[in-house]
Amino acid sequence: MNQEPMTIDIRATVKQRLPRHYRFIPGFAIRWVERLVHQRELNEILHRMHGKDAVSAAQEALDYLSITTEVVAPHGLPADGRFIFVSNHPLGGLDGLSLISVLGKHYGGAIRFLVNDLLMAVKPLQPVFLPVNKYGRQSRERAAEIEAQYQGDNQMITFPAGLCSRMGNDGEVHDLQWQKFVVTQAVRTQRHIVPIFFEGENSRLFYRMARLRKRLGMKFNLEMLLLPGEMFKSKGSRFRIVVGKPIAWQQLDAQHPLDEAQRLASTCYALKPTDK
């Protein structure tokens with residue numbers, strides 16, 4: 001089936017979502033949003049990704065941005081078994097693409113990535129995405145699909161924090177609280193956990209915007225509009241992915257899953273390289 005490449009069209013989206021108000025929105029405002037989200041460049045990436053399998057599509061996006069990754073795996077990537085790869089989430093885009101590329105190549109595309117259901121709009125990556133509704137209850141069908149995938153043989157990848165990292169009052173960039181789901185799923189489906197530390201940060205502008213939005217009490221995640229720009233600011237970068245030793249599911253404290261999730265986060269951050 002030869003479908004057309006996915007295209008982002010801010011103007012058409014605004015017109016569709018706000019039909020009664022569209023004629024009152026100044027053209028310069030729409031053009032500003034188009035530049036803010038890098039519409040032209042994103043469409044070029046999507047065009048290059050079109051027609052490729054998900055792992056190759058992720059690599060195509062990384063190649064467009066001249067992004068390279070160095071995998072540091074003292075124990076090697078596990079060859080046999082069923083695993084949940086858990087990672088910090090510093091960037092909000094390039095980290096996910098990099099993990100799809102690295103782990104997808106290693107496991108022959110047999111991966112599934114638990115993601116915000118909004119990302120299902122990125123059609124080239126749909127085959128490896130496993131959507132979860134972060135803002136409401138899961139449908140029965142979606143919950144069944146998630147359970148089936150965790151019970152299956154594909155390697156699972158997740159950012160247990162959900163949202164990308166933020167800067168704390170101490171000036172350190174760190175994930176938000178990790179969710180207990182990763183622990184309960186690992187124990188229920190008897191999957192070992194592989195901790196990963198992804199080295200990288202967004203710009204100070206991104207973190208300042210996040211803190212300002214929080215101070216103002218705004219629920220809309222305003223800083224997320226900056227993530228496409230953050231991705232293009234990283235053009236030409238090299239990131240390190242440090243892979244830790246697998247943790248057997250039998251070692252997890254199933255009685256205190258939320259506390260155990262935070263311990264897993266600490267394990268990942270302990271992998272952070274000390275050199276620059």
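Predicted model: local features only at pLDDT ≥ 70, side-chain atom pairs only at ≥ 80, totals over all residues.
Close-up 1: Strands β2 (residues 83-87) and β8 (residues 192-198) run parallel and are joined by five bridges. Strands here are DSSP runs (E, at least two residues), helices are runs of H or I with at least four, and both are numbered from the N terminus. Two strands pair if DSSP finds at least two bridges between them. Residues are numbered from 1 along each chain as its sequence is written, local features need pLDDT of at least 70, side-chain atom pairs count only at pLDDT 80 or more, while totals for chains, interfaces and linings use all residues. Side-chain values use heavy atoms, leaving out hydrogens and water.

**Close-up 2: Phe85 of β2 and its partner in strand β5.** Here Phe85 is bridged to Ile157 of β5. Three bridges pair β2 with β5 (residues 155-158), again in the parallel sense.

**Close-up 3: The two faces of β2.** Is each face of β2 covered or open, and which residues lie there? Both are covered, with Phe83, Phe85 and Ser87 buried on one side and Ile84 and Val86 buried on the other. Buried means under 20% relative accessible area, with exposed over 50% and partly exposed in between (1.4 Å probe, protein chains only).

**Close-up 4: Helices α7 and α10.** The axes of α7 (residues 181-189) and α10 (residues 257-269) come within 7 Å and cross at roughly 100°; axes are lines fitted to C-alpha atoms, for helices over the stretch in contact, and angles run from 0 to 180 degrees between N-to-C directions. The two helices are therefore roughly perpendicular (65 to 115 degrees; under 35 is roughly parallel, over 145 roughly antiparallel, the rest oblique).
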